[in-house]
Amino acid sequence: VTPVYMKGSVDEATALVKDMRENYGVFCSIVVYPVIPKGMIILRLIPTAVHTEEDIRITLDAFSAVGEKLKTGAYDGHLLTAIGE
């Protein structure tokens, strides 16, 4: 398991994970409060030997995109209709 640490709320984490799965094709799960401190998000990825260099690039590109969306507040208030456009 590979953890990725980010700052955000439970609602933002839920929206971000949905966006990752539906719009970027990247599966990850979330860990949020009370397991970790409020305001933190841990995204859990499970890389395997069958993942390719292209899979890694796609995943890194997806993280760049969702990281920017998180910074700009795109996941605040579940604006998911605007995210997929």
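My request concerns the charged side chains: which residues are linked in a network of salt bridges?

Guide: In this predicted model, the network of salt bridges links Glu 54, Arg 57 and Asp 61. Arg 57 and Asp 61 are 4 residues apart in helix 2, a separation of about one helical turn. Arg 57 counts as partly exposed at 39% relative accessibility, and Asp 61 is likewise partly exposed, with a relative accessible area of 41%.

Helix 2 comprises residues 53-72, 20 residues in total. From its first C-alpha to its last it reaches 29 Å, close to the 28 Å expected at 1.5 Å a residue. Its buried residues are Ala 62, Phe 63, Val 66, Gly 67, Lys 69 and Leu 70. Seen down the axis of helix 2, these buried residues fall within an arc of 160°, so they line one face of the helix. The face turned away from that buried side carries the exposed residues Glu 53, Leu 60, Lys 71 and Thr 72. Just after helix 2, Gly 73 takes a positive phi of about 85°.

The side chains of Lys 71 and Glu 68 meet in one of them, at 3.5 Å from N to O. Lys 71 and Glu 68 are 3 residues apart in helix 2, again about one helical turn. Lys 71 is exposed, with a relative accessible area of 66%, whereas Glu 68 is partly exposed at 44%.

Another salt bridge joins the side chains of Asp 19 and Lys 69, at 3.0 Å from N to O. Asp 19 lies in helix 1 and Lys 69 in helix 2, so this pair ties together parts that are 50 residues apart in sequence. Asp 19 is buried, with a relative accessible area of 1%, and Lys 69 is buried as well, with a value of 16%.

Helix 2 lies across strand 1 and strand 3, running at about 20° to strand 1. Helix 1, residues 10-24, lies across strand 1, strand 2 and strand 3, and runs at about 165° to strand 2. These 3 strands form an open sheet in the order 1-3-2, with antiparallel pairing.

Key
Residues are numbered from 1 along each chain as its sequence is written. This is a predicted model: local features need pLDDT of at least 70, side-chain atom pairs count only at pLDDT 80 or more; totals for chains, interfaces and linings use all residues. Side-chain values use heavy atoms; hydrogens and water are left out. Helices (H or I, at least four residues) and strands (E, at least two) are DSSP runs, numbered from the N terminus. The expected span of a helix is 1.5 Å times one less than its number of residues. Buried means under 20% relative accessible area, exposed over 50%, partly exposed in between (1.4 Å probe, protein chains only). The arc is that of the directions from the helix axis to the C-beta atoms. Two strands pair if DSSP finds at least two bridges between them. Contact means heavy atoms within 4.5 Å. Axes are lines fitted to C-alpha atoms, for helices over the stretch in contact, and angles run from 0 to 180 degrees between N-to-C directions. A salt bridge is a side-chain nitrogen of Lys or Arg within 4 Å of a carboxyl oxygen of Asp or Glu.
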